[in-house]
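Have the viewer open while you read.

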Amino acid sequence: MSGVDRLVWRRLIDRPQINIGATGLAGLVIASEAVLLVLTALASGIAYHLCAYGDAGPVRTFAAVASLSALLYVLPYLSQGDYTVQAFLKGRRSAHRVVLRWHAGLLLLGVVAFLTKTTAMFSRVWMVIFYVLGLVALLAVNAIAKRVVRTGVEHGRIAARRLMLVGASDDIAEFWERRGKHDQTDRIVSIARLPQKASDEKADSAEVDAELTEVLSSAVEHARLFGVDAVLILPGCSSHRLVSRCVDGLSALPVSIHLDAGPALDRVPTTEVQRIGDLAALTIADRPLGPLQTLAKRVFDIAASSLGLVMLAPVFLAVALKIKRDSPGPVFFLQRRRGYNQREFRIVKFRSMTCLEDGDVVRQAKTGDARITPIGETLRRYNIDELPQLWNVLRGDMSIVGPRPHAVAHDKLFEKRIGKYPRRLNVKPGITGWAQVNGFRGETDTDDKMEKRVEHDLHYIDNWSLWLDLKIVAMTVFSRRAYTNAR
């Protein structure tokens, strides 16, 4: 068994675990969700009917509706492999996904009931009660399951995916440096060390092949003996011949085989392999929003901006009159900003200052800035000066939610000092954004302040959903942090 480290196995054997694999974990969570939904339906249905009608009501109907709801809720998670240890540890079971899938499941249930003409079989009031309590129950199960899985993996009570490393000593050493000390997503249970000269094209191929065959045979034996779930090949793409030999030697195992993409791609949030003609290509970055996502966001923007402009028309008139009485100058302030893919447009704001800067030098407003008018102070504090940008949203220059656009002069300045800054404009800028509702707004007189804002903007781009947009809109109105640093 030369070439294979066994020390890790010894520690694993000395430390007993409850080996709950993907099937066992999925079964436990699914059973918990289904049982809790049925109990919730029965309890709420019986309690409601006893209070309203004096009897227990159609108990079988309660159980049937809950069972079908559980099935419609579980199937999407199950089809996408979101009941694994990795799904819980990597955040794929987020609360907003639970909410979205519960809504989708009940909506589909309503469609089925309508088509089968069975809507009269159960009380609409009870369905509302079941909808609320069922959602609370699922959120509770999801939160508890994530905590149990994380704690179980950390303390060795739940076995994470068992991984075998295959690579030369230098590659393995580099891997350990890149891998976080507290990364418990996968448990390294064995290491197959390839001969260092295996990637050398000038080395004696017969000698290298013989040594490589011995190491790979030993690795296969160890993998079968200790139940390896996945193999990670570490040579990267430096030697295609070596990678092919490793894949051929390890393909006898019923496990997933992965090729390490190297440190350059560690910071890439998602990667996938796609076909370009007959060739395989590694996709390291995709469009931030796909066609359907772009359409959904645009529909939301048009509906929200149109409604806002109509409902706020009296406010616009009152503010305009106040601005004209307060100081000389126009009601609106127009300034060049960069939008999607750095296309310039003119942003519309209520004028809150005595100046109308829009050149190569634009001074940011500061605390106690003498240029801010008396009414402008109030407009800026409560974000009222931003409301005319609903017109920019309706025109398509901006979105309701997105990274806040800066003056072109500031864009030119910060894109030279902050490497990730230009990526902010891979989506349309917004009236409000994730950075603003988290308190990162106002003056950016240091690179650190702007880096924090950029960090939050990129988090929004990488995690966009309509649910997140609605959350940010709500936080903009009700969260105290959204009014922090208003200038």
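This is a predicted model: local features need pLDDT of at least 70, side-chain atom pairs count only at pLDDT 80 or more; totals for chains, interfaces and linings use all residues.

**The overall picture**

The protein chain has 487 residues, and 43% of them count as buried. Its secondary structure comes to 17 helices and 11 strands. Take the contacts between residues at least 6 apart in sequence: 72% of these join residues at least 24 apart.

**Salt bridges**

In general, side chains of opposite charge can pair when their charged atoms come close.

| Pair | N to O distance |
|---|---|
| K297 and D469 | 2.7 Å |
| R423 and D462 | 3.2 Å |
| E344 and R336 | 3.3 Å |

Start with the salt bridge of K297 and D469. This pair links distant parts of the chain: K297 sits in helix α10 (residues 291–311) and D469 in helix α17 (residues 466–478), 172 residues apart. Are the two partners buried or exposed? Both K297 and D469 are buried.

Next up is R423 with D462, another salt bridge. R423 lies in the loop between α14 (408–414) and β11 (430–432), while D462 is in helix α16 (residues 447–462), so the pair ties together parts that are 39 residues apart in sequence. R423 counts as partly exposed at 31% relative accessibility, and D462 is partly exposed too, with a relative accessible area of 40%.

Then there's the salt bridge between E344 and R336. E344 is partly exposed at a relative accessible area of 44%, and R336 is partly exposed at 22%. Why does R336 count as partly exposed rather than buried? Because buried means under 20% relative accessible area, and R336 has 22%.

Some charges go beyond simple pairs: K349, D385, E386 and R404 are linked in a network of salt bridges.

**Helix packing**

Two packed helices are described by the angle between their axes and the distance between the axes. Helix α5 (residues 95–115) and helix α6 (residues 124–154) pack at about 145°, with axes 10 Å apart. The crossing of α5 past α6 is right-handed. On the α5 side, the contact is made by A95, V98, V99, W102, H103, L106 and L109; on the α6 side, M127, F130, Y131, G134, L135, L138, L139 and N142 meet them. By class, that contact has 12 nonpolar, three polar and no charged residues.

Now for another helix pair. The axes of α11 (residues 313–326) and α12 (residues 374–381) come within 8 Å and cross at roughly 145°. From α11, the contact takes V319, K322, I323 and D326; from α12, it takes P374, I375 and L379. That gives five nonpolar, no polar and two charged residues.

**One more neighbour**

Back to L106, one of the α5 residues in the contact with α6.

Conventions: Residues are numbered from 1 along each chain as its sequence is written. Side-chain values use heavy atoms; hydrogens and water are left out. Helices (H or I, at least four residues) and strands (E, at least two) are DSSP runs, numbered from the N terminus. Buried means under 20% relative accessible area, exposed over 50%, partly exposed in between (1.4 Å probe, protein chains only). Contact means heavy atoms within 4.5 Å. Axes are lines fitted to C-alpha atoms, for helices over the stretch in contact, and angles run from 0 to 180 degrees between N-to-C directions. Ala, Val, Leu, Ile, Met, Phe, Trp, Tyr, Cys and Pro count as nonpolar, Asp, Glu, Lys and Arg as charged, and the others, Gly among them, as polar. A crossing is left-handed if the near helix is turned anticlockwise from the far one by less than a right angle, and right-handed if clockwise. A salt bridge is a side-chain nitrogen of Lys or Arg within 4 Å of a carboxyl oxygen of Asp or Glu.
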